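Hi,

Here's the structure I said I'd pass on. Have a look at it first, and then read my notes below.

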Amino acid sequence: MMKRFAMGIFPALILFMFGVAGAVRAADAAKPNVIFIMTDDQGSVDAGCYGSKDLVTPAMDKLAAQGVRFTQFYSGAPVCSPSRAALLTGRYPWLVGMPNNGPGPPSEAADQLDTLTGAGLTAGETTLADMFRAAGYATAHIGKWHLGSGQGHKPLDHGFDYSFGFMGGCIDNYTHFFYWDGPNRHDLWENNKRVYMPGRFFPDLMVEKAEAFIGGHRDRPFFMYFAMNMPHYPYQGDTNWIRYYHNSPYPRNLYAAFISTLDDRIGRLMKYLDDSGLRDNTIIVFQSDNGHSVEERAHRGGGSSGPYRGAKFSLFEGGIRLPAMISWPGHLPEGQVRTQVAHGCDWMPTLAGLCGVPLPNAKLNGESLVPVINSAEAPSPHDVLLWRLGDQWAIRQGPWKLLHKPNDDADVRKLADDDKVWFLANVDDDPGEQTNLANSHPEIVERLRKLAPPEFPQ
């Protein structure tokens, strides 16, 4: 009798298990996809939707029209690596092993990243990819990494199922060699193995790899970190855009051509989502990592901070107050602007809330922006925000922002001697940070200094 019972119960149990598994897959499939588009060295106002009159950016403008655009959004840092670490972990970058830019690319001797050691994003730190993979998502990194390439620091070590791109800070888009100094190093990798695709324009390769990944994962939700390397130097815009901006002043013409080249690739990716019927079930997040570059390799400029002071490497507004948008048609407000203060660390709790996935067991510095996204009347979730890059640090509370040893390399009006240690601005009244109020409000300087962590230099 027991045998007959077992023969009857096991098939039923198997059918039940398959039914549960099917229900789980169906529930997972109902979750929205997420694509995080991060641009590289895009200036504070360098898109039509942010007020630029000379740039052609229809894809970015469409994202703004289909979603919510932030006007007081701050990156985690004024340079690449720590900014990326902040958005991926929801934590301040100096807490996750990225106080400054990450290491350069591997040497030519390495064919596989698994053999390497070195510094990078703290091994074991939980990322957006870890969070989404634990919730059943397929995960992909496509584009720039710059968070380390040694053991424990690679994209595949931080929750990504698939990775295609480069490990260092920048490459030539056609040869895929590190664009910095010698010796020349080839820096193109797919799933930890060096790959060679000479002559192929890297942003086109990014779109192709993104389309292939999306097409291969239509049966389950996916999270894609689409980390573009534009408009970071070298400025290598499409020929049609170089001709279009021919009469723009140098170096704005080179930068503008690269911005429109960037916008074209965003447009191609969005068209693929539309044509695949996936757009309405895909959340798109868009953010620049830091302000525009004024380095020699960037022709000393080309980008714009608009009314804001500073650029890349600076904790003045132009280095950290940047374009940021979120779009999910039919689910989030469309064509709206939010003026509340927000931060790159906020994306992890925000996306967890929107997608209904559990947050990691970590002490986050970010806060959910869901109430702000849904209402222009909701308060900012932040009382205090912090930034640090070397001896340079800043703290904002309400309208007040205190900077320690500020950098103003992009500013034609150089800092006076009295401004080089402490600089206090009321950002609401003076968003361009032109007037230092430190001497007239010493009590506010002292209050903000006391809010800084003890490891911040005084």
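**Helices 2 and 7**

Helix 2 (residues 58-65) and helix 7 (residues 252-275) have axes that come within 7 Å and cross at roughly 55°. From helix 2, the contact is made by Pro58, Ala59, Met60, Lys62 and Leu63. On the helix 7 side you'll find Ile259, Leu262, Asp263, Ile266, Gly267, Met270 and Asp274. Sorted by class, that contact has eight nonpolar residues, three charged and one polar. Do keep in mind that this is a predicted model.

**Threonine 57**

Threonine 57 sits in the loop between strand 1 (33-39) and helix 2. Its relative accessible area is 1%, and buried means under 20%, so threonine 57 is buried. Apart from neighbours within four places in sequence, threonine 57 is in contact with Ala47, Gly48, Ile259 and Asp263.

**Strand 4**

Now to strand 4 (residues 138-144). Seven of its seven residues are buried, so strand 4 is largely enclosed by the rest of the structure. Strand 4 runs parallel to strand 8 (residues 222-227), and six bridges join the two. In that pairing, alanine 138 has phenylalanine 222 of strand 8 as its bridge partner. Strand 4 is also parallel to strand 5 (residues 162-166), with five bridges between them. There, lysine 144 stands opposite phenylalanine 166 of strand 5.

Cheers

How values were computed
Residues are numbered from 1 along each chain as its sequence is written. This is a predicted model: local features need pLDDT of at least 70, side-chain atom pairs count only at pLDDT 80 or more; totals for chains, interfaces and linings use all residues. Side-chain values use heavy atoms; hydrogens and water are left out. Axes are lines fitted to C-alpha atoms, for helices over the stretch in contact, and angles run from 0 to 180 degrees between N-to-C directions. Helices (H or I, at least four residues) and strands (E, at least two) are DSSP runs, numbered from the N terminus. Contact means heavy atoms within 4.5 Å. Ala, Val, Leu, Ile, Met, Phe, Trp, Tyr, Cys and Pro count as nonpolar, Asp, Glu, Lys and Arg as charged, and the others, Gly among them, as polar. Buried means under 20% relative accessible area, exposed over 50%, partly exposed in between (1.4 Å probe, protein chains only). Two strands pair if DSSP finds at least two bridges between them.
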